[in-house]
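Here is a short briefing on side-chain packing and pairing. Please look over the sequence and the model first.

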Amino acid sequence: MTTRRRLQITSRKQPQQARSTELVAAILEAAVQVLVKEGATRFTTARVADKAGVSVGSIYQYFPNKASILFRLQVDEWMQTTRMLRSILEDAGTPPLERLRTLVHAFLRSECEEAEVRGALNDAAPLYRNSPEARQARAEGDQMIDAFMVETLPKVSAASRELAGDLIFTTLSAVGSSFSQTRRTKAEIKIYADGIADMLCAYLQALRQDGQPRA
């Protein structure tokens with residue numbers, strides 16, 4: 001019986017010198033451009049090399065295949081999202097509902113600005129959906145959301161807080177994905193974000209009053 005070989009998606013090595021760092025940055029910048037133009041199905045290392053103005057061999061020094069390049073782009077996106085969540089949700093000097101409103105605006109702007117790249121990365125998601133990095137990103141996000149919900153709804157039961165957090169952030173993710181499929185102006189994003197924030201904040205305020213999610 002043969003065992004299917006697992007596709008390598010991690011980088012071969014990390015750049016150690018400034019020149020190497022610049023090369024990897026150029027490769028990743030070119031990769032984004034190719035991904036947006038060609039999509040995940042037509043994304044190749046040859047196209048990335050051509051766009052970056054380097055040889056395919058230069059790419060293979062750091063990335064063993066196209067999947068590893070796509071994975072690096074996805075990891076960078078996860079890290080960016082995690083930093084955004086942390087900077088907003090853990091801002092203890094700002095009231096929780098104001099933090100949620102800020103997050104809604106920042107999230108929708110980010111979804112619209114990065115819509116083409118994220119859409120293409122979603123097409124390649126089966127390559128790395130269950131990777132350790134993916135699980136870590138989800139775990140870190142869940143921890144921040146849980147802590148925020150405890151702070152926001154301290155008198156609500158743990159089960160009810162978990163349900164509320166899941167409803168809020170699942171809704172925000174789904175709305176962001178749908179809304180960003182059409183090009184939006186800054187004014188449109190603001191109006192839409194204000195409406196979503198109003199609804200989510202009203203939901204949390206209602207929970208604060210009666211202590212349980214509404215049926």
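This is a predicted model: local features need pLDDT of at least 70, side-chain atom pairs count only at pLDDT 80 or more; totals for chains, interfaces and linings use all residues.

Residues are numbered from 1 along each chain as its sequence is written, and side-chain values use heavy atoms, without hydrogens or water.

**Nonpolar cores**

- The largest nonpolar core holds 32 residues. A nonpolar core is a set of buried Ala, Val, Leu, Ile, Met, Phe, Trp, Tyr and Cys residues joined through side-chain atoms within 4.5 Å.
- Buried means under 20% relative accessible area, exposed means over 50%, and partly exposed lies in between (1.4 Å probe, protein chains only).
- Leu100, Val104, Met149 and Leu204 touch the most other members of this core.
- Helix 4, helix 5, helix 7, helix 8 and helix 9 each give two or more residues to this core. Helices are DSSP runs of H or I with at least four residues, numbered from the N terminus.
- Leaving aside neighbours within four places in sequence, Val104 is in contact with Leu172, Ala193, Ile196, Ala197 and Leu200. Contact means heavy atoms within 4.5 Å.
- A second, separate core has 27 residues, including Val34, Leu70, Leu121 and Ala125.

**Helix 7**

- Helix 7 spans residues 132-152, 21 residues in total.
- From first C-alpha to last, helix 7 reaches 30 Å, close to the 30 Å expected at 1.5 Å a residue. The expected span is 1.5 Å times one less than the number of residues.
- The buried residues of helix 7 are Ala134, Gly141, Met144, Ile145, Phe148, Met149 and Thr152.
- Those buried residues fall within an arc of 135° seen down the axis, so they line one face of helix 7. The arc is taken from the directions from the helix axis to the C-beta atoms.
- Their cover includes helix 4 (66-89), helix 5 (96-113), helix 8 and helix 9.

**Aromatic pairs**

- The structure holds two aromatic pairs. Rings of Phe, Tyr and Trp (its six-membered ring) pair if their centres lie within 6.5 Å; planes under 30 degrees apart count as stacked, over 60 as edge-to-face and the rest as tilted.
- Phe71 and Trp78 are edge-to-face, at 6.3 Å centre to centre and 80° between the planes. Phe71 counts as buried because its relative accessibility is 4%.
- Phe179 and Tyr192 are stacked, because their ring centres lie 4.1 Å apart and their planes meet at 20°.
- Phe179 is buried at 3% relative accessible area, whereas Tyr192 is partly exposed at 38%.

**Salt bridges**

- The count comes to ten salt bridges. Each is a side-chain nitrogen of Lys or Arg within 4 Å of a carboxyl oxygen of Asp or Glu.
- Asp194 and Lys190 meet in a salt bridge at 3.0 Å, N to O. Both lie in helix 9, four residues apart, about one turn of the helix.
- Asp194 is partly exposed at 22% relative accessibility, and Lys190 is partly exposed at 48%.
- Salt bridges that share partners join Glu38, Arg42 and Arg47 into one network. Within it, Glu38 pairs with Arg42, the closest N and O atoms being 2.8 Å apart.
- Glu90 and Arg86 form another salt bridge, at 3.8 Å, N to O. Glu90 is partly exposed at 47%, and Arg86 is partly exposed at 35%.
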